[in-house]
Amino acid sequence: MVAQRLDGKACAASVEKELHERIAACASAGIQPHLAVVIVGDDPASHVYVNSKVKACQRLGIKSTHIELPSAASEDEVRAVIHRLNDDAELHGILVQSPLPPHMDEEALTDLINPRKDVDGFHPENLGRLVQGRLDGMLPCTPSGVMRMLQWAGMDLTGKRAVVLGRSRIVGNPQALLLGAKGADATVTVVHSRTENAQAICAQADVVVAAIGRPEMVRSDWIKDGAVVVDVGINRVDDATRERGWRLAGDVHPEVAKKASWLSPVPGGVGPMTIAMLMENTVRAAETFQSE
Ligand code: NDP
């Protein structure tokens with residue numbers, strides 16, 4: 001078997017097409033969705049991600065404000081920026097790019113964001129709604145992007161065995177909740193670094209979502225014939241054959257394509273979907289402000 005490509009780029013393009021219409025409707029009501037992206041420090045990967053988000057805003061006609069603070073900035077300075085953005089009635093979405101410098105408490109800062117502007121979906125109010133099975137809050141972009149991609153490919157998850165590799169606050173945990181939520185209806189197992197027999201558990205799954213940050217750890221003997229495999233991982237690995245000396249690798253080894261029925265590529269899989277969902281959350285936040 002050769003896996004079909006779970007094409008995040010194409011799916012993201014279809015999401016953007018829908019968003020164009022919603023943004024036009026906002027414009028008729030005199031509103032331009034507006035996203036603020038706050039970045040602290042000079043982590044090169046974070047700057048690449050922020051640039052992709054700003055570019056997506058430009059493509060769609062979403063206004064973006066890019067706020068950069070030096071890595072030596074204090075937590076109080078970031079706090080002041082968040083308060084200012086919360087109070088700005090013309091602004092609909094706030095994103096604080098992760099990771100923050102180690103001297104800052106990322107979760108405490110996330111807590112300060114107005115939940116209705118929390119387009120990353122990491123505020124406890126939004127994550128709490130998800131735990132309650134309420135899907136009407138801001139949903140975290142990467143796991144909701146995975147769900148949208150599975151839906152786009154016409155997959156019925158009802159009663160399927162899903163394994164999520166990873167239990168982070170931003171990917172693994174919310175991913176497991178979304179797969180198991182009413183309407184998706186998969187039966188979910190979460191595998192983490194303390195799990196015994198992770199490979200055997202994974203090999204029973206109809207759907208595997210890998211979000212562990214371990215380059216190409218999931219090999220074909222982890223995957224059942226015909227399983228659907230979503231690779232969330234984005235890892236930089238050394239590669240002397242490339243001019244730049246490195247390449248991007250997922251958490252899933254490419255050999256899995258010979259066994260899976262669907263496999264998302266890295267890059268071009270979950271990455272573009274994460275950005276598309278961020279844009280969707282921003283438009284949704286603008287629509288909500290408009291209807292109040
Ligand atoms: P974290 O480091 O926060 O979490 C990793 C999780 O994987 C943890 O729960 C950890 O377990 C688990 N884990 C680590 N090693 C193993 C192992 N050997 N076996 C089983 N479980 C293991 O990472 P994130 O969730 O933030 O990100 C995961 C990956 O997804 C990264 O590659 C990241 O770059 C990528 N990513 C991609 C995005 C996209 O848009 N495509 C967006 C966000 C992340 P434990 O809890 O026990 O420590």
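Analyst: Start with the element names. Helices (H or I, at least four residues) and strands (E, at least two residues) are DSSP runs, numbered from the N terminus. The model is predicted: local features need pLDDT of at least 70, side-chain atom pairs count only at pLDDT 80 or more, and totals for chains, interfaces and linings use all residues. Residues are numbered from 1 along each chain as its sequence is written, and side-chain values use heavy atoms, with hydrogens and water left out.

User: What volume does the largest pocket have?

Analyst: General idea first. Rolling a probe the size of a water molecule over the atoms shows where empty space is left. Here the search runs on a 1 Å grid over the protein atoms alone. A cavity is a set of points where a 1.4 Å probe fits but cannot get out. A pocket is an open set with protein on both sides within 12 Å along at least five of seven lines. Lining residues have an atom within 4 Å of a point. Points are joined across faces, edges and corners, and a volume is the space filled by probe spheres set on them. Now the case: the volume of the largest pocket is about 1,400 Å³.

User: Which residues lie nearest the centre of the largest pocket?

Analyst: Tyr 49, Val 232, Ile 234, Gly 271 and Thr 274, out of 44 lining residues. Several elements supply at least two lining residues each, including helix H2 (44-60), helix H6 (141-152) and helix H9 (270-290).

User: Why does the largest pocket lie between domain 1 and domain 2?

Analyst: Domain bounds come from an automatic or database domain assignment. Domain 1 (31-116) and domain 2 (141-271) both give residues to the lining, so the largest pocket lies between them.

User: Which residues around the ligand come nearest?

Analyst: A residue is near a molecule if one of its heavy atoms lies within 4 Å of it. Around the ligand there are 20 residues, and Arg 167, Ser 168, Ser 193, Ile 234 and Thr 274 come nearest. Ile 234 and Thr 274 are also among the residues nearest the centre of the largest pocket.

User: Where is a polar side-chain atom of Ser 168 relative to the ligand?

Analyst: A polar contact is a pair of N or O atoms within 3.5 Å. Within protein, one must be able to donate a hydrogen and the other to accept it, and residues adjacent in sequence count only if both atoms are side-chain atoms. For Ser 168, a polar side-chain atom lies 2.5 Å from a ligand oxygen atom. Thr 274 has a side-chain N or O atom 2.8 Å from an oxygen atom of the ligand. Arg 214 has one 3.3 Å from a ligand nitrogen atom.

User: What volume does the second largest pocket have?

Analyst: About 430 Å³. Its lining counts 20 residues, with Leu 139, Ser 144, Met 147, Arg 148 and Gln 151 nearest the centre. H6 and H9 are the elements that give two or more residues to this lining. H6 contributes the largest share, 5 residues. By class, the lining of the second largest pocket has 10 nonpolar, 5 polar and 5 charged residues.

User: Is Ser 144 buried or exposed?

Analyst: Buried means under 20% relative accessible area, exposed over 50%, partly exposed in between (1.4 Å probe, protein chains only). Ser 144, at 12%, counts as buried. Ser 144 sits in helix H6. A polar atom of its side chain lies 3.4 Å from the backbone oxygen of Cys 141.

User: How many cavities of 30 Å³ or more does a search of the whole structure find?

Analyst: The search finds 1. The largest cavity has a volume of about 120 Å³. Among its 15 lining residues, Val 96, Glu 106, Thr 110, Asp 120 and Phe 122 lie nearest the centre. S4 and H4 are the elements giving two or more residues to that lining.

User: Which peptide bond involving Pro 99 is cis?

Analyst: Read omega. The bond joining Ser 98 and Pro 99 is cis, with omega about 0 degrees. Pro 99 is in the loop between S4 and helix H4 (106-112). The bond from Val 266 to Pro 267 is also cis, with omega near -5 degrees.

User: What is phi of Asp 185?

Analyst: Near 65 degrees, a positive value in a residue other than glycine. Asp 185 is partly exposed at 32% relative accessibility. Glu 216 also has a positive phi, about 55 degrees, and is not a glycine. Glu 216 is buried, at 16% relative accessible area.

Terms used:
Ala, Val, Leu, Ile, Met, Phe, Trp, Tyr, Cys and Pro count as nonpolar, Asp, Glu, Lys and Arg as charged, and the others, Gly among them, as polar.
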